[in-house]
Amino acid sequence: MIHPFDDTTRRNIAGRCAAFTRQPEGEAAPALKRAAVAVALVAVGEGTDNTAVLLTLRAAGLRAHSSQWALPGGRCDPGETEVQAALRELHEELGLELTRGDVLGLLDDYPTRSGYLITPVVVWAATGGTISPNPEEVASVHRIALDSIGQADAFDFTAIPESTRRVIRFRHAGKFIHAPTAALIYQFREVLEGRATRVTELEQPVFAWK
């Protein structure tokens, strides 16, 4: 399905997010550090007005999860809500300055092996300014068209000996992107299709456990 980057698509996605009921927090949630990421929706560009989600490759010099694929985001500061954290991180990493009015909804919290509980915040980035990556945090920025994440073969699942849970993988540019990023994009794809698919039990590869 094609998703033009226009107000009709914005309203449709906001409606899908409003119809989605988030999963209640589990018992382990208080022990995890709160974090948030932005599922930031922009125009694909390059002569087309279709909608895309922003994906980053983290800078090689970062202390944690360097050179890994990620949605813009990070740890919540003390007293900061998940929405505030996602908007702040989007500005710090990519120079996009959005407001609470640009938020379309929230997806399920995802607990990571490294001790975080990530809240995905869906935002419509039509008026936030030009994308200007911070080189200390971001090596590159990629626009993933929504029609590409909707393809039947965009995601697959595999097994690892270290876990009984399925490892989710998202194919992009000839590479595999893993959870948590792959799990969050997958759930967003499912929400776009009107399905309340849960992803908290989808596994991360071992290299992302630390």
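**Strands and rings**

Mentor: Strand S10 and strand S11 (residues 175–178) run antiparallel and are joined by four bridges. Strands here are DSSP runs of E, at least two residues, numbered from the N terminus (helices: H or I, at least four), and two strands pair if DSSP finds at least two bridges between them. Mind that this is a predicted model: local features need pLDDT of at least 70, side-chain atom pairs pLDDT 80 or more, while totals for chains, interfaces and linings use all residues. Numbering starts from 1 along each chain as its sequence is written, and side-chain values use heavy atoms, without hydrogens and water.

Trainee: Which residue in S11 does Arg169 stand opposite?

Mentor: His178. The charged end of Arg169 also sits over the ring of Phe176, 3.8 Å from its centre (CZ of Arg or NZ of Lys within 6 Å of the ring centre and within 35 degrees of the ring normal).

Trainee: OK, rings then. How many aromatic pairs are there?

Mentor: Four, where a pair means ring centres within 6.5 Å for Phe, Tyr and Trp (its six-membered ring), with planes under 30 degrees apart stacked, over 60 edge-to-face and the rest tilted. Phe5 and Trp124 are stacked, because their centres are 4.4 Å apart and their planes at 15°.

Trainee: Where do Phe5 and Trp124 sit in the chain?

Mentor: Phe5 is in the segment before helix H1 (7–19) and Trp124 in strand S7 (residues 116–124), 119 residues apart.

Trainee: Is Trp124 buried or exposed?

Mentor: Buried, at 5% relative accessible area (buried is under 20%, exposed over 50%, partly exposed in between, 1.4 Å probe, protein chains only).
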